[in-house]
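Open the structure in your viewer and keep the sequence beside it. The tour below goes from one selection to the next.

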Amino acid sequence: MCSSDLHRGRISWVLMSQGGASTLRLMSDLKTVKQQPPEGVSASPLSEENIYVWGATVFGPDDTSWEGGIYTMRLMFTEQYPDKPPRVRFTTEMFHPNIYPDGTLCLDLIQDNWSPIYSVSSILIAIRSLLTDPNCASPANPEAAHLYQTDMKQYSRKVRRIAEKSVNG
């Protein structure tokens, strides 16, 4: 048996010992993300030992102020997934109407409108879409929402700075 087979076996054993349906669903979501990666996003568990904490990356959409940026986040699942949504928090600095200053995301899909039909892939696609299409009606960052609605040029400048910082540190 080659070492990668042993490695895979160990991961499967560790994951199966963590929980039932939620673990199986997260393993399925991981397989989908790897085999059919959604455009502009990536995600995987942060460690082999814990399938409930994922790191994810959203790449800024082309032809937007977000372009060129690499935005990282953490997704934290519970054993109630997929019945309950993950908590999602950006770990890179963000300036967006629907992202709190601490990086926590305000998105209906993972709050009031959650459904078990959503997967890690669909969550990430929705987050990437939200970057360029914010919901200013219920802002998590009132300053960003105000600028977005009243001074798009200034908003775009702030977003560009965030995009550059996300890659240059």
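Two strands are said to pair if DSSP finds at least two bridges between them. Helices (H or I, at least four residues) and strands (E, at least two) are DSSP runs, numbered from the N terminus. This is a predicted model, in which local features need pLDDT of at least 70 and side-chain atom pairs count only at pLDDT 80 or more, while totals for chains, interfaces and linings use all residues. Residues are numbered from 1 along each chain as its sequence is written, and side-chain values use heavy atoms, with hydrogens and water left out.

**The whole chain.** Colour by secondary structure: there are five helices and four strands, and from the N terminus they run α-α-β-β-β-β-α-α-α. Of the 169 residues, 44% count as buried (under 20% relative accessible area with a 1.4 Å probe, protein chains only).

Zoom in on strand 2 and strand 3. Seven bridges join this antiparallel pair. Pick T57 and you will find its bridge partner, T72, in strand 3.

**Helix 3.** Select residues 120-132. Which residues of helix 3 are buried? They are V120, S121, I123, L124, A126, I127, R128, L130 and L131. These buried residues pack against helix 2 (21-35), all of the strands from strand 1 (41-47) through strand 2 (50-59) and strand 3 (70-76) to strand 4 (87-90), and helix 5 (152-168). Contact means heavy atoms within 4.5 Å.

**Helix 4 and helix 5.** Finish with helix 4, residues 142-150, and helix 5: their axes come within 6 Å and cross at roughly 130°. Helix 4 is therefore oblique to helix 5 (angles under 35 degrees count as roughly parallel, over 145 as roughly antiparallel, 65 to 115 as roughly perpendicular and the rest as oblique). Show side chains for E143, A144, L147, Y148 and T150 in helix 4, which meet M152, Q154, Y155 and K158 in helix 5.

Notes. Buried < 20%, exposed > 50% of the residue type's maximum accessible area, 1.4 Å probe, protein only. Axes fitted to C-alpha atoms, helices over the stretch in contact; angles between N-to-C directions.
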